[in-house]
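Trainee: I'm new to this one and would like a close look at a single part of it. Please start with the whole chain, then zoom in.

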Amino acid sequence: MTLTMSIPALLFPAISLTMLAYNARYLAIAALIRQLHNEYLASRSKNTVLQINNLRKRLWLIRNMQAIAIASFLTSVITMFLLYIEQDSWANLIFGISLFLLMISLFLSFIEVQISTKALSIRLDRIEENK
């Protein structure tokens, strides 16, 4: 398969939209952390501590999802540069790395969604306790 400029360029909107989604998740978690901080100060319940631990994991994942997505974006740009200077073999290698990094980022996103679901379950448990 011949790699052309348009192929790595296809990743630009995909990676940009992915990073917007990651940023939205980050902002939602930041708001939740502020809310939980006040809740924790009011009553140091076990449930709040579980949620805080859960959010710590999610923040770590989101930070790494974003960093790896940025690396994927950067390697796509490098691929285009290598194609421009007619270094096709290097361009193919770097583009493969770019795709691999994007896959890792999406896999971390999958894990974060699983943890997010667990967080909602903890929240529901708390609601059921108050019935």
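What share of the contacts in the protein with a separation of 6 or more comes from residues 24 or more positions apart? After that, walk me through the salt bridges around Glu112.

Mentor: Residues 24 or more positions apart account for 81% of those contacts, a contact being heavy atoms within 4.5 Å. Before we go on: this is a predicted model, where local features need pLDDT of at least 70 and side-chain atom pairs count only at pLDDT 80 or more, while totals for chains, interfaces and linings use all residues. Residues are numbered from 1 along each chain as its sequence is written, and side-chain values use heavy atoms, with hydrogens and water left out.

Now the overall picture. There are four helices and zero strands, in the order α-α-α-α from the N terminus; helices (H or I, at least four residues) and strands (E, at least two) are DSSP runs numbered from that end. The radius of gyration, taken over C-alpha atoms, is 20 Å, well over the 14 Å that the globule rule gives for 131 residues, so the protein is more spread out than a compact globule. That rule is 2.2 Å times the number of residues to the power 0.38. Along the principal axes, the C-alpha trace spans about 65 × 20 × 20 Å. Of the 131 residues, 33% are buried, where buried means under 20% relative accessible area, exposed over 50%, and partly exposed in between (1.4 Å probe, protein chains only).

On to your part. The count comes to two salt bridges, each one a side-chain nitrogen of Lys or Arg within 4 Å of a carboxyl oxygen of Asp or Glu. Glu112 pairs with Arg25, with the closest N and O atoms 2.4 Å apart. Glu112 sits in helix α4 (residues 88–129) and Arg25 in helix α2, so this pair ties together parts 87 residues apart in sequence. Arg58 also forms a salt bridge with Glu112, this time with 2.7 Å between the closest N and O atoms. Here, too, distant parts of the chain are linked: Arg58 belongs to helix α3 (residues 46–84), and 54 residues separate it from Glu112 in helix α4.

Arg25, at 25%, is partly exposed.

An α-helix has 3.6 residues a turn, so residues three or four places apart point the same way.

Two of those residues turn up again if you move over to Ser76, in helix α3. Ser76 is buried, with a relative accessible area of 0%. Not counting residues up to four places away in sequence, Ser76 touches Pro8, Leu11, Phe12, Ile15 and Ser98.
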